Amino acid sequence: MFLRLLSDVRWRTASPRWRSMSSSRHMTTSATEPPPISLPAQAQVVICGGGIMGTSIAYHLSKLGWKDIVLLEQGRLAAGSTRFCAGIVSTVRHLSIELKMADYSNKLYQQLEQETGIKTGVQIHERTSISHVVVQKGCVTGVETDRGQIECQYFVNCAGQWAYELGLSSEEPVSIPLHGCEHFYLLTRPLKKPLESNTPTIVDPDGRIYIRSWQGGILSGGFEKNPKPIFTEGRNQLEIQNLHEDWDHFEPLLSSLLRRMPRLEALEIMQLVNCPESFTPDMRCIMGESPTVQGYFVLAGMNSAGTSFSGGAGKYLAEWMVNGCPSENVWPLDLKRFGALQSSRTFLRHRVMEVMPLIYDLKVPRWDFQTGRQLRTSPLYDRLDAQGARWMEKHGFERPKYFVPPGKDLLALDQSKTFYKPDWFDIVGSEVKCCKEAVCVIDMSSFTKFEISSTGDQALEFLQYLFSNDLDVPVGHIVHTGMLNEEGGYENDCSIARLNKRSFFMISPTDQQVHCWAWLKKHMPNDSNLLLEDVTWKYTALNLIGPRAVDVLSELSYVPMTPEHFPSLFCKEMSVGYANGIRVMSMTHTGEPGFMLYIPIEYALHVYNELMSVGQKYGIRNAGYYALRSLRIEKFFAFWGQDLDTFTTPLECGREFRVKLDKGTDFIGRDALMQQKQDGVCKRFTMFILEDHDTDLDLWPWWGEPIYRNGHYVGKTTSSAYSYTLERHVCLGFVQNFDKETREVLLVTPDFINRGEYEIDIAGQRFQAKAKLYPFSSLFTQRRRKDEMELSGYHGK
């Protein structure tokens, strides 16, 4: 519909002769066609790609009021993968943002049938190729085409299969990690009794196929287990053509079709279509602004979901361009979730061969990709691997999940795929216990690390404006804070240590490396003396966690490490073993006692060996991120990307104490927070303890479960983990207050939270839950005291 509407607009504005021409999108050039219209010298926006995505963006930009829009297509309109897509529109999606995009698209397609007479300055030029995007001082200034140059402020890469190549061809390369695979579906001639156009679409995940009606016959394709990557080098053709048939490759899918619908065997097959589809490293599409070039936007990597997503995706990207941000949290789809490290051709080729089959595979909780691994590793990787580490990947970085003790069945653990109690339950439990009673070492080298410094006070002034908490603290102090947007939502959640008067050390989540860097660079004054350096690779980070951590570190440093000598949230450089210049911080990211050690990588192995050697008498052992997750969730610690996002404010998640509202200091988001403080909040971050859940027999909560208050839906969980301390599952999530009749969003007060009766829905079964607005630290103390009394034989009241 976008193509039809926008093509009509082009024909109306381009030449009267075109009004009487066919509206088919598969027109060919002939001698009777008018000469191509000359390109404009300038435009506000140039969109590359005349498929369903490019036309959707043009349509939505026009609806938002932008008029000077030019869409360029190197071949014919919709001659890319849009031409060959199966055209299935589905709202069944795993991610909330994808569901919203698909729902919006579905409704939009229906209303477009009634929509006519749209006024717009959109210009569509076919057979126009872009050679590169012109960039000056980090900003888009124009595009070079085979028909001349167009000056512009914004550029949108919707080149589909060629988005990767086009990104690299810019004067300032833009990394767009996606890769093409062949995709097969067959078309049959009409049945004797043709199928109605409204015949339901069938999806058979076990058979890996989909089936839909097509012109009275059948269209059926699927996603095989052994996909065939294509187009590994260069843009070798202007338009996507039907690739060679490969019946041997398609045979397993054809067999699945006939098993599902045996009577189709008598149908006459008209064509086996083999067309390319592009896939990203994590199966989700790519959208958003480039972290390196301002004004360069991307929307690509939709694979076969383009028809379902195009309306919503175009809407959100258009909002992003016009308003500076979309109206929903699109972080799971943001281009900045990837770095240049995921753009290696070999990495992409191998990863898409794994990604494509996963479309129809059952994805169990905490599953990991198997390809593209060991890309970024800590200097301790081999040592930890030899001690039984089982690995997970985050932003290309290998991180230990847990450590398999000697004698355990390794094969069974590696193949543990379940929605119930996992095989690693007892292993993680023993690591958590060691963190609470002795001392553990967790390699946290993957965390993003930046240094910000200046010759004068510029660093402090810059960070004070960018961060919500007060950073004008004495040297050596650590501040937990966040970078907020204008609406008061979290763009980042981090810890900052003041190294000296003019230098700061910033620690952020692993997958914030690109996004955080881009946000900092975007707001840095051009003519300042500020120096921003990504030092993630320079330091190995070890979390020494547990009550005996102070004993281990005291022996290795020969200085007192007690709270009197080394207070909480403090940082100083010191010697550990033979190594000097170790940044030791009295924090653990979990609320447990202990320290973070940031070690220059050349000293990493030495410091680790010393810790393990000295720590033997204190019961030291390795631990992984599953133990860390359990500890942070039972302490009610929110995590950016799961619990916090760009639409969550500090007032909504109980972090008002981390905001300098009363300091009289201006910072990004201050006005929005002041207004919210006056008006009240409409959602609150809440902890839930499952009361009647059987850990051994019931399905586990993983995240995304619906929350019910007094029988009414009020939100969903964002994180969950088993608390080995409480011996219960703990879920974190946001509670909202909806009017029962109008569904209007109302204020959420502490009293509203505390007076409700709650249930968590896990796969259709509801479990009673106790809601809390504060961590259970006092309950931990009571439980330990009770255990101690029982062990001592005391049974008093």
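**Close-up views of a predicted model**

**View 1. Helix 13 contributes seven residues to the lining of the second largest pocket, the most of any element.** Helices (H or I, at least four residues) and strands (E, at least two) are DSSP runs, numbered from the N terminus. The model is predicted: local features need pLDDT of at least 70, side-chain atom pairs count only at pLDDT 80 or more, and totals for chains, interfaces and linings use all residues. Residues are numbered from 1 along each chain as its sequence is written, and side-chain values use heavy atoms, without hydrogens and water. At least two lining residues come from each of helix 7 (306-323) and helix 13 (513-523).

**View 2. The second largest pocket has a volume of about 1300 Å³.** On a 1 Å grid over the protein atoms alone, a pocket is an open set of points where a 1.4 Å probe fits, with protein on both sides within 12 Å along at least five of seven lines; lining residues have an atom within 4 Å of a point. The volume is the space filled by probe spheres set on the points, which are joined across faces, edges and corners. Among the 45 lining residues, Glu 289, Ala 518, Trp 519, Lys 522 and His 523 are the closest to the centre.

View 3. Two strands pair if DSSP finds at least two bridges between them; strand 5 (residues 139-145) and strand 6 are joined by four, in the antiparallel sense. Val 143 lies opposite Ile 150 of strand 6.
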